[in-house]
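Student: I would like to learn how to read the features of a structure, one after another.
Tutor: Then let us look at one together.

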Amino acid sequence: MRPNPPSPRRGRYPLRLRRRPVPWQHQRPTWREARPAIVADALARALVRPSGNWYVLGASTAVRADRPLSGTVAGIEVVVWRDAGGRLVGGPGVCPHLGAPLADSPVRCGTLVCHWHGLALDGSPFAGWEPLPVHDDGVLVWVRLDTAGEEEPTPAPVVPARPDRAESLTSVWRGVGVCDPEDVIANRLDPWHGAWFHPYSFVDLTVVGAPAGEDDRFVVDVSFRLTGRLVVPVRAEFTAPEPRTVVMRITDGEGTGSVVESHATPLGADEQGRPRTAVTEGVLATSDRPGFPVARRLAPALRPLMRAAAGRLWRDDLAYAERRRHLRERGQFRG
């Protein structure tokens, strides 16, 4: 990677006013820089990194005291809940008695009680039911499926370095697309599309560094668009620490240290036999501005806005991922 030019300097105020906005159609084209081989090579390197067979199931806050969190991962029904001590436990989502969906069963005093016949599971092995390794990183819940991953298992998932959760404003969004995880990851490893495909969120985007040698990062200068000419300029880097995760980390400018994690989880085929993938995006925003603690206290009001912003972006990006899968299946994709 060539030396990076000077990055955006953080100003006295967190927001800036663009003096001479560039109309969307007059932006500098990025298609020459966004060479398919660069994205394909970055994707290939990501896909061979070890995951330890861990998959993101959902948000930690989705595991309630009285209800489990459930889902299908790689065609396997799984369910997780908290035992009487608050520890995360989980296993197959099919009752070993007569096959009832444990997703519909309540939790009572840390025990999952099947709503068909009352069979109680406390997270320990039961005849025909074996617990699965699970992990709660404080933001997301993971489950390890060795039969699906077929890799060397690891004790814990590859969780990226994050800012202190107690000092961060966190939000989790989840959506589903008809695609494979690699289509989601490929989209995230193409930073050049940001200001063209998402002009409502990003402007003035320049990729100042692409992977080269041991430095497997995309480095981007970009402004997050708030309203009209009001923007927040930052420098960010994109990395893929494992085959189903891409992390965007702000390295300079407002919110330095904040991260956005995009996790792709295969769900299994739909009724038409097409692959389905869940995207779980975790945001951990941080700042050393004196007013940021106030923002954290307003988290219940801000999280819906953060999820709405993520949903708008991913509505477009999942459409791209679905398009990529469509072209791949027909042998028409160049990457």
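Tutor: A cavity, on a 1 Å grid over the protein atoms alone, is a set of points where a 1.4 Å probe fits but cannot get out, and lining residues have an atom within 4 Å of a point. Grid points are joined across faces, edges and corners, and a volume is the space filled by probe spheres set on the points. This is a predicted model, in which local features need pLDDT of at least 70 and side-chain atom pairs count only at pLDDT 80 or more, while totals for chains, interfaces and linings use all residues. Residues are numbered from 1 along each chain as its sequence is written, and side-chain values use heavy atoms, with hydrogens and water left out.

Student: How many cavities of 30 Å³ or more does the structure hold, and how much space lies in the largest cavity?

Tutor: There are two cavities of 30 Å³ or more. The largest cavity holds about 50 Å³ of space. Its lining includes Ala 42, Arg 45, Leu 189, Asp 216 and Phe 238. Helices (H or I, at least four residues) and strands (E, at least two) are DSSP runs, numbered from the N terminus. Helix H1 (36–47) and strand S14 (230–242) each give at least two residues to this lining.

Student: How do the residues of that lining divide by type?

Tutor: Ala, Val, Leu, Ile, Met, Phe, Trp, Tyr, Cys and Pro count as nonpolar, Asp, Glu, Lys and Arg as charged, and the others, Gly among them, as polar. The lining of the largest cavity has seven nonpolar, one polar and three charged residues.

Student: What is the volume of the second largest pocket?

Tutor: A pocket is an open set of grid points with protein on both sides within 12 Å along at least five of seven lines. The second largest pocket has a volume of about 540 Å³. It is lined by 20 residues, and Ala 34, Pro 36, Asp 190, Tyr 320 and Phe 333 lie nearest its centre. The elements that give two or more residues to this lining are H1, helix H3 (181–188), helix H4 (194–197) and helix H6 (299–329). H6 supplies the largest share, four residues. By type, the lining of the second largest pocket has twelve nonpolar, four polar and four charged residues.

Student: How many disulfides does the structure hold?

Tutor: A disulfide is a covalent bond between the sulfur atoms of two cysteines. The criterion here is a pair of cysteine sulfur atoms within 2.5 Å. The structure holds zero disulfides.

Student: Are Cys 109 and Cys 114 buried or exposed?

Tutor: Buried means under 20% relative accessible area, exposed over 50%, and partly exposed in between (1.4 Å probe, protein chains only). Cys 109 is exposed at 76%, whereas Cys 114 is buried at 4%.

Student: What is the strand order in the open sheet of three strands?

Tutor: Strands of a sheet pair through backbone hydrogen bonds, either parallel or antiparallel. Two strands are taken to pair if DSSP finds at least two bridges between them. The order is S2-S10-S9, with antiparallel pairing. Strand S2 (54–59) and strand S9 (134–136) are at the edges with a single partner strand each, so one side of each has no neighbour in the sheet. S2 pairs with strand S10 (residues 140–144) over five bridges, and Ala 59 has Leu 140 of S10 as its bridge partner.

Student: Where do positive phi values occur in residues other than glycine, for example at Glu 150?

Tutor: Most residues other than glycine have a negative phi. Glu 150 has a positive phi of about 55°; this residue is in the loop between helix H2 (146–149) and strand S11 (169–177) and is exposed at 70%. Asp 204 also has a positive phi, near 55°. Asp 204 is found in strand S12 (residues 202–209) and is partly exposed at 39%.
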